[in-house]
Every structure is written in structure tokens, then in C-alpha cells.
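This note is written for a colleague who is meeting the structure for the first time. Please keep the sequence and the model open while reading.

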Amino acid sequence: MDLKPLFEPRTMAVFGVSSSNYRHPANEIFTKNLLRYPVKVYGVNPRGGTVNGQAIHRSISEIPEPIDLAVIAVRADFVPDVLSECIRAKARSATVISGGFAEAGRRDLQERIVAIAQEASFPFVGPNCLGIYVPSHVDTFFLPGERMVKPTVGNVSFVSQSGGILVDHLIKFAGEGVGLAKAISIGNKALLGELDLLDYLAQDPATRVIAFYIEGFGPNEGRVFVQNAGKCGKPVIVLKSGKSAGGSRAVSSHTASLAGDYASFSAALSQYGIVEAANELEMISFCESLSVYIKPIQGRVGIVTVSGGHGAIAIDACTAHGIAVPALPEDIREALRKELSPSVRDIASLVNPIDLTGSGIDDDFVATAETLFAMEEIECVLALLLPYVPGITADLGAKLSSVATRCGKPLIAYVPHVEKYAMLIEGFELNGAPVSPSIEGAVLMVEALRRNRP
Amino acid sequence: MIKSHPDILRIIEEARGDGWVLEAAAKQIFSLAGFAVPRFTVARTAEEAHRFAGEIGYPVVAKIVSPRILHKSDVGGVTVGIGNDGRLAEVFERFRGLDGFRGVLVEEMLSGIELILGAKIDMQFGPMILLGMGGTGVEIYQDVALRMAPITEKDALAMIEGLKAHRLLDGYRGAAPVDRGKLTETIRTFSSLVMELEDRIESIDINPLLCSAGRCVVTDARIILKRISGTVSR
């Protein structure tokens, strides 16, 4: 099945638009695509009428050109007929937004639409989903445009069983500067599921990182998923829910008790180098880090800061994740000391973490970063920045990023995320260095590089 | 493996009625598949038990054989270090009173580090292999490593290294180290067997797998069979 029309439609038909109820989900989808996206959009409703001054077509057969993507937001009972109509009219794909299928006890109805689509090799996403959002291409989410928070265009694609979790992550992506390639809400995943989207996104040139929110797999589907994800060549990150489910079943062997559903899930993921995010903070941190850096590291970092406390907290977080913070040898320390500004030279602690103290200035950071990047034992530098210290300027982000780019090793920064420090943060992010709003998050970004095994 | 040993499937089919393969039959299966097992017999009478103990020499281990007792230790159904005929007769008498008594398994007493080697057929991920520190405390310590079958040599070594207590296997405090090569091979043979039996089983516990400098021996095992509709199970 060709999934391209789902993501790059030139023409779109929205089923269910209403000439009287402007709040109908279909109307929202119709309007936002009409006004804000390059896709050519047509409304369909057997009752006809107009919407936004555009004529509503009574059937897809009345539309003067072939349809790439049908968006179906009609009552569940009508979906089988609409789907058949789309197939007869040679439409190329669909997203079924409507609920009222397996999730509401209508497994029969769901099986019917799957059978109809399978017979015609017709791809559809859903039902019971938000569908697809591809920045500046197409948006089948029925959420009013002004209510959505949109991340910048980037290289992370996100596939989610839950629409709400997906939209929440888009908000967080926007807040943390993680760029989005494609967002797909797969709902009941009646026909297209994680396996199909993994295959498609693995081949998609716009996607560099593939993130999933998964509640569970079908029989043996998890096995195929980890095997395919493990060899797809791109980082795959998975956030799983329902970790405690299934505990009530009677278990007759020690192995069955110790290898429960979630234990097996988690073990299979890590066996194939798939990065499991334990929670949303990990998900966002891993996405941000892996969207910039792909090369795996063993896990040896150099830390530079102006606060002993930040260094100490970072060391604790590194230790908890099994990340090493190797001490600087005496000769390197002495050489670095000579590079530092006079007011810092005598009071800085140069073992690792390197504490430049509150007197540290931009040049001291640059000299330290150059020293750390030059060391073979150090694979990655963690810069913990406190922009309220007088010697740090808003240019430091750009300055340190350029050192990292020159040295070819990853740089990860912590900067408190408030409007006032935005220029410093952008100095890092626009120059390819991820920034976390917490020390723990910054350490998780290092952890992502250690765990990913593409 | 099962192609060259049709007896493996025969033993499994014979156990269908019980829903699980009892220790003695499970050991037969593992023996056919190339695993080391202790010398043992299932004695129906105290005389049979004495005769076998006389052949292999004391001390011996005695275990209850009952399709109704899945966890033998929990009901006092395992006695180790039995040194003479009198003690063996006492144990035999006591076991006779346990639920579903079919006989007493008498076997040689071996030493080594107790590991658990297990399998579970997961709905989403298929056959999973588990290695852990074994014995009766497995579910308390929960020191285990879990992988999806098939297990490569690298996987097997990573599983061993992944145990918190793995240093115990390296010859901790003067003990002879466990034979890594043997253990790795045992894990991989087990993984192959499990993949062949995938459609017939639900889970397997080899606990303990007794590992020492020279060998890894299946000293106790149970195989829980997949419930097949129309078949009477436990």
C-alpha cells in the first residue's frame, strides 16, 4: 500500500462538513486546510449547501478531480459506505476520524471497514483518531488552528495511539525547540499500525528520529516491530503506557511472573537498541538530542559550569544513569589554567566538573570547551549555564556551539528556560546544540546518545 | 532438535491431561535435547527408592511427584542431603501423605551455583528467555536478565553480565568460577528448543540450573503447556 497520499496529498475531500453546524469537526478540518494549507480541499455532504462560501459536494463523484486523501468525519454507521464510495471514485487514501468502533464495542463495524479497505488495498489511518499533521502540507486534526501550539519544522516524526498525548507532545516540542516532520494519530489502528508507519518513516527523507507512544501491540507484532526498528537505521524512541496491566492473571511459573508483559516489552526494546522513554521528560529530551546527534557514545562526559552545586547535581544524575565523568589529568589542568582569565585562574576547580565560579566569562567557557573536546577520554560536553552570572553574555550559545561544530563532538547545554534568556538558548539551538530547561533533562540528552544503537 | 527426537513431542502430548510436564518427564525432555541432568529415578515404593540410592550412593535428594503440586518446596516436598536408608524411608512416608502423590523422585546430590533459566511465550514478543539467580528466592531477589529469542552468543554473555550477582559466577571469594562457555551454550541450546516448542508451551522454569566449574545441570524443571481449547487442563 502506498502511504504517500496520506502525507503529501495534493487534493483532499472532507466528509461530514455541515452547512449549519460550524462547530462540526469536519468543518474545522475543512476550514483550516482551505485557508492555511496548500492542499486543494473539497467538502462532501449528501445534503449539499455551502461552507465558508464554498459549495459542498453531494458525493465524491461530483468532485472534478481525483482525491488523494479522504478525511472521514461522519457517524460510524455511515463510514463503511463512505469508504466504499471513496474506493469507487479512485481516491488514494483516507483518515477515519470518527469514533464509535472497537473502542465503543462495535468491533463488527471496525472489521467491516478493514475488510473493505483490504480488498481494495486502500490505506487508511484510524478510526477514532486525529489523523495526520504535516507542517505546511496538511492537517486533519479537528482542533481549531488558534488553539494548537505548533513546533517548528524539523526532523522528528511522532506516531501515537492517543491523539491527546500526541498534541501534548507537539506543545512540548514547541516549548523545547524540537522540530517536527510528521505527527500521526493512529487511534484504533484498525488497518495501518505502528509497523506500517515505521516502514514508511524509515524511508522518509524528512524524518530523522521516529518517536512512538504505544499502549500495546497485537499478537507477535511487538517482535516484528523491534526487529524492524532495530535495523531501520534511524533512532526509534518509544514511550509505553499500561506498564502495570495484566498483573492480575494467575501465573504458574517463576519465569512467567518475572517476565511479565511490561518486563518483556522493555527487554525486547533495549535488546534491539530502541530507546525507551520512561516518561514525557525523557521522551522530549531523547527526541531533542537524537534529532541533532546520531552517533552513539559510550557515555563519558566533561562538565563545565559556574556553580559547584550544578556540577554536583549533574554528577549525581550522570552516576545514576551509568555515565562517566572522567577526571582531568594534572598536565591538562595546568595547561587549561594558563588559558583562563586572571580573576578565574586561581579560584576555578578544574577536575571535572569544571567550576569556573561566578567570575567566569565567555572566554573561559570557550577555552574549557576546547580543552575538553580535545581530550580523547571525553566524548561529549555538558555546559550548565547560569545566565544571571555577570560575565556570561547572550553570545555564549553561538560561541560554544561553533567550538562543538569545529571539534565534531556533541555539546549539550542547560539554561533556565525563561523569555529573558531566549537569545542565549537560540544561540545554541539554531547552531545545532540542544538545550534543556533542567539539569536532569540535559543528562538525559547524553543518555539518549548512549542508549541509541542505530 | 525435536525433529531428531520425536520422543520430546510424545512426552509433551502425554502430559496434556495434567496441563504441565512434571519434573521427571521434563528432565527426560532436556536430556533428549542434549542438556545434562542428574542421575534420577521415580520410585513408587520405598524399596525402589532404597535400591536406586544404593546404586548411586548416598547422600541423595528426594522430591514429591504429584501433578497437583507445582511448587514442591512450598509444601515441604523437597528434602536434600538424605544420608541413609532409614532417613529415606521416613521422607518417603511423609511424601505419601501429600496431595496427588504419584511417587518419589530420588536423585544424586550435586553442588554448584543455583541459576534459573526460563522461557515464556509472550503474546506481543513471542518466545522470551530469562536467566537469573535461582533457587527458591528468585521472586524475592528478582535478579534476572530477559531477552527475546533467538539468543546470540553476544546476547547470552550480556545476559550473564547483566545479573547483579554475576561476580558470584566468576569464582567469588575463592570458589571455582562457573564455566562461562558451558553456560552460554546451555542458554543458546535452551533458546533453540523453546523456539521449536513455541506453539505448545506457555512457560518453562529450569530452577535450579546448577552451574559449576565443569558443567551446567538441569536439577529441576517444569514445563507449563499452552491451553488448547477442548483439552482438559488444571
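1. Conventions. The model is predicted, so local features need pLDDT of at least 70 and side-chain atom pairs count only at pLDDT 80 or more, whereas totals for chains, interfaces and linings use all residues. Residues are numbered from 1 along each chain as its sequence is written, while chains are lettered from A and ligands numbered from 1 in the order in which they are written.

2. Chain A as a whole. Chain A has 17 helices and 19 strands; these are DSSP runs numbered from the N terminus, with helices being H or I of at least four residues and strands E of at least two. The C-alpha trace of chain A spans about 80 × 60 × 30 Å along its principal axes. Of the 454 residues in chain A, 51% are buried. A residue is buried if 20 or more other C-beta atoms lie within 10 Å of its own, exposed if 12 or fewer, and partly exposed in between, with C-beta atoms placed from the backbone.

3. Contacts along chain A. Among the contacts in chain A with a separation of 6 or more, 74% join residues 24 or more positions apart. Two residues are in contact if their C-beta atoms, placed from the backbone, lie within 7 Å.

4. Strand 5 of chain A. In strand 5 (residues 69–72), L69(A) and V71(A) point one way and A70(A) and I72(A) the other way, and all are buried. Strand 5 of chain A pairs in the parallel sense with strand 1 (residues 11–15) over four bridges, and M12(A) stands opposite L69(A). Strand 5 of chain A also pairs in the parallel sense with strand 6 (residues 94–96), over three bridges; there A94(A) is the bridge partner of A70(A). Pairing requires that DSSP finds at least two bridges between the strands.

5. The crossover. Strand 5, helix 3 (residues 79–88) and strand 6 of chain A make a right-handed β-α-β unit. Right-handed means that, with the strands pointing away from the viewer, the path from the first strand over the helix to the second runs clockwise.

6. Domains of chain A. Chain A is divided into domain 1 (1–124), domain 2 (149–292) and domain 3 (295–451); domain bounds come from an automatic or database domain assignment. The C-alpha centres of domains 2 and 3 of chain A lie 30 Å apart. Ten residues of domain 2 of chain A are in contact with eleven of domain 3 of chain A. Helix 10 (residues 280–292) of chain A gives the largest share of the domain 2 side, eight residues.

7. Domains of chain B. Chain B is divided into domain 1 (6–36 + 111–225) and domain 2 (40–108). Their centres, taken over C-alpha atoms, are separated by 24 Å. Seven residues of domain 1 of chain B are in contact with eight of domain 2 of chain B. On the domain 1 side, the largest share, three residues, comes from helix 2 (residues 23–32) of chain B.

8. Between the chains. How many residues of chain B are in contact with chain A? There are 27, and they meet 22 residues of chain A. Strand 6 (113–122) of chain B is one of the elements that give two or more residues to this side, and strand 6 of chain B gives the most, with five residues.
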